[in-house]
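Student: I'd like to learn how to read strands, helices and contacts in a model like this one. Could you walk me through it?

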Amino acid sequence: MATVTYEEATRFYPDTERPAVAALDLEIEDGELLVLVGPSGSGKSTALRMLAGLEPLDGGRIHIGDRDVSSVRPRDRDIAMVFQNYALYPSLTVAENMGFALKQQKVPKEERRKKVEEAAAILDLTPYLDRKPKNLSGGQRQRVAMGRAIVRSPQVFLMDEPLSNLDAKLRVQTRTELAELQERLGVTTVYVTHDQVEAMTMGHRVAVLKDGVLQQCDTPQNLYHHPANEFVAGFIGSPAMNLVSIQPDGVAALAGTEIDFDDSVVDPTAPLTIGFRPESARIGATGVPGVVRTVEDLGSEVFVHVVVDHQGTPTPLVVKTSPPFEAHLGDVVHIELAGPVHVFDGDGSIVATTRATLR
Amino acid sequence: MSTTEAHLVGERRWVDAVFGVIAWIVGAIYFFPILWMLVNSFKTELVANGPPTLDFDPNLDRYSEVTEATTGLLSFTEAFRNSGYVSIISTIVVLLMAIPAAYALAIYPVKKWRDVLFFFISTKFLPLVASILPLWILAREFGVLNTRLVLVILYTAMNLPLAVWMLRSFFQEVPKELVEAAEIDGAGVFGQLRSVILPIALPGIAATALLCLIFAWNEYFFAVQLNAADGQTVPIWVASNVSTRGNFIAKLSAASVLASLPVVVAGWLAQKRMIRGLAMGAIK
C-alpha cells in the first residue's frame, strides 16, 4: 500500500498540439479511493495509463510511495489494473487467470492456489474456477477481473471504467460491492469513470478533468456544494445545475427580474454566470415567470422543466419540488430562489457562493 | 411498405440464386482438369491418349509404374523425402523468424513500420528468373549446389515476407488490452507471446504454416535450376515422367495425383482449425 503522486505529469500524443494530460498535480493518500472523472477526451484514461506505465510521460514525474516510477516498466510497478473490457486471457481458466501474475512472480503452486481460492471466496467465484472466460456472464467476468487484481495484493489498484460494460441494475449493485471491497482491503485505488454518479458515490475524493487539465479535486460534497468553476458546477449533479449567463444592463437580472446578491463581492455590473441547483429553486407565488415544458415525477421528488425568457432567449431551467405537484405543458409558473447561488466571472471561475433574492 | 420489403426479399433470393449458379459453373470449370487428371491416372496410355472417354477399365497399373524405383533415376520415395524435408524445415524456420517479427510489428510498431512492411513485400517484386544466375553462382561458391540446404534457404527467404504479413494481421486481432494486462501482470515478452498471443493467434499461425508448406512443396523453378543432380523434389520427379519416347499422359497424371495428395490432405486438415473463432471470450 502506498501513496501516489503526480508531479506536473504531462502526456502529448504524437501529432497533436494540445497535451492529452497537462501538468497534472495530484496527491493520492494511502488507502484512498480517488476517482478521475470527466467527459470523453478529458484525459482521465490517459492519466491512469500513465500511472500504469502504458503511456510514457512527456514531462513531470509519477511516484508510487517514495519511489519515482516515471521510467519503470509496467510489470515492475507493483500495480494491478482492471480494464473496461476485463481483458481476461481467453485460453486460461478463471483460476489460471487469477493466478497469472503470481505465476509470473514464481510464487509456489500451493501458495498460488491458496491465494486464488481466498480471492474466489471473497468474490463468489469458487464454483467457476475451472471455467473459461467465454463461459461466464458479464458480471462474473467483471469479478474475475477484480479477482485477478486482488490476488496479487498490489500497491495500487487501477480501474478503467470497470463497470461500464454491465447492465444498469448490476452496475449499481457492483458499485457498492466494489467500494466495500476497497474499504476492506485498504488498497490505494485510482478509478476512472465518465459517470458522475459513480464518481460521487464511490470516491473518497473526486478529480474532475477537462481537456487534460485538472479542474478541481475534492470530496464529493465539496464538488457539489462548492464547485471551483462553471465546468465542475455543470458536470457534477443530475439533473445538472441551472447555469445562466448574464450580460448586465446596469443591474444583474434573471429573465427581467433583478437579482440581489447577499455577498458584496459580486459586482452586479460585470458580465457573470449564475448557477443554482434544481433544489435551490422553488415554484412559488412570485418570482420569475416561466412556461412548463415537462414534469418528471419520480415519486419521491418532482423535477419541473421550465422555459424562461432571459434577455430575449428562451432559457431552460429545472426546478425540484416535492410531490404532489401537477402542471401541464404550457402552464405559467413562478420561480423563486431558495438556496445557494454560485456566481462565476466571465472566465468561468467562481466569484462567490451566496444567497440571493429576486426582486 | 410491406409490399416493397416483400419485393426486395424476393429480388435478393433471385440474385443469390443466379450468383450461386455462376459460382458452381466457375467451380466446375476450375475443378474439371483436376478431375480429368484423376480419371486419366486410372487409364492405360492407349486410352488416355485417344479421344476423351469415360468408357474404360480402371486400373492402378500407372501408379505402380511411377512408384517403381529404377536404378539411376530419381525414385518416388527419394523425391518425397526431399520435398518433405525442405518444406517442413523451411516452414519451421520461417515461423521461428516471422512470429517475433510480426509480433513486434503488430504490438510494438516502430516509427517507420509501414516502410518495414513495404521492404518485406518489395523483396517479392524481382522476377525469380532475374535472380537465378547470381543465386546459382552463390550456391556453387558456397558449395550448396544440388543440396537440400540451398532449397531450405531459398524457400525460407521466399515465404518469410508473406508469413510476416499474414501473421501481423492475425496478431493485430489480439485485443491490445490483453497484451497490456499481461504486461502489468508481470509477463515478459516471451511470457506474453506464449501465454496470451499464441493461443489466440493459433488458427492464424496454422493457416500461415500451411501456406508456406504448400508454396515450398509446389516450388519448381529453383528446384529445377539449382538441384538438377541431387536433392531433387517432387515437382522434378513429376516432370521426370515426361518422356520423349512414347505416350506419357496417364503416367504423368498418376504422378501428379500422388504429388497433390499431401497438399490436399494438409489443406483439408487445417481448414477445420482455421475456421475457429479468433478471440472468443476475451472481449465482451
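Predicted model: local features only at pLDDT ≥ 70, side-chain atom pairs only at ≥ 80, totals over all residues.

Student: Which residue of S5(A) stands opposite A:Ile64?

Tutor: That's A:Arg67.

Student: What is the order of the strands in the open sheet of chain A?

Tutor: The general idea for a strand is that, when it is regular, side chains alternate between the two faces of the sheet. Here the sheet has four strands in the order S2-S1-S4-S5 (chain A), with antiparallel pairing. Strand S2 (21-28) and strand S5 (67-68) of chain A are the edge strands, each pairing on one side only.

Student: How many bridges join S17 and S18 of chain A?

Tutor: Nine, between strand S17 (residues 302-310) and strand S18 (residues 313-321) of chain A, and these strands run antiparallel. As an example, A:Val308 has A:Thr315 in S18(A) as its bridge partner. In this hairpin two residues sit between the strands, and A:Gln311 takes a positive phi near 50°.

Student: On to helices. At what angle do H4(B) and H7(B) cross?

Tutor: Roughly 35°, with the axes of helix H4 (residues 76-107) and helix H7 (residues 148-172) of chain B coming within 6 Å. The crossing is right-handed. As for the residues of this contact, 23 are nonpolar, five polar and two charged.

Student: And how many residues does each chain give to the contact between A and B?

Tutor: In general, the size of an interface is often given as the accessible area lost when the parts come together. Here we go by residues instead: chain A gives 23 and chain B gives 21. On the side of chain A that touches chain B, the elements giving two or more residues are strand S6 (79-82) and helix H2 (94-104) of chain A. By class, that side has 14 nonpolar, six polar and three charged residues.

Student: What about the core: which residues have the most contacts inside the largest nonpolar one?

Tutor: The general idea is that nonpolar side chains tend to be buried together in soluble globular proteins. The largest nonpolar core in this model has 153 residues, and A:Met81, A:Leu158, A:Val190 and B:Leu167 have the most contacts inside it. H7(B) supplies the largest share of this core, 14 residues.

Student: Which residues does A:Met81 touch?

Tutor: Leaving aside residues up to four places away in sequence, A:Met81 touches A:Ala52, A:Ala149, A:Leu158 and A:Asp160, along with B:Ala181 and B:Ile184.

Note on methods. Residues numbered from 1 in each chain as written. Chains lettered and ligands numbered in written order. Contact = placed C-beta atoms within 7 Å. Nonpolar A, V, L, I, M, F, W, Y, C, P; charged D, E, K, R; others polar. Pairing = 2+ DSSP bridges. Axes fitted to C-alpha atoms, helices over the stretch in contact; angles between N-to-C directions. Left-handed = near helix turned anticlockwise from the far one by under 90°. Core = buried A, V, L, I, M, F, W, Y, C linked by C-beta atoms within 7 Å. Buried ≥ 20, exposed ≤ 12 C-beta atoms within 10 Å, placed from the backbone.
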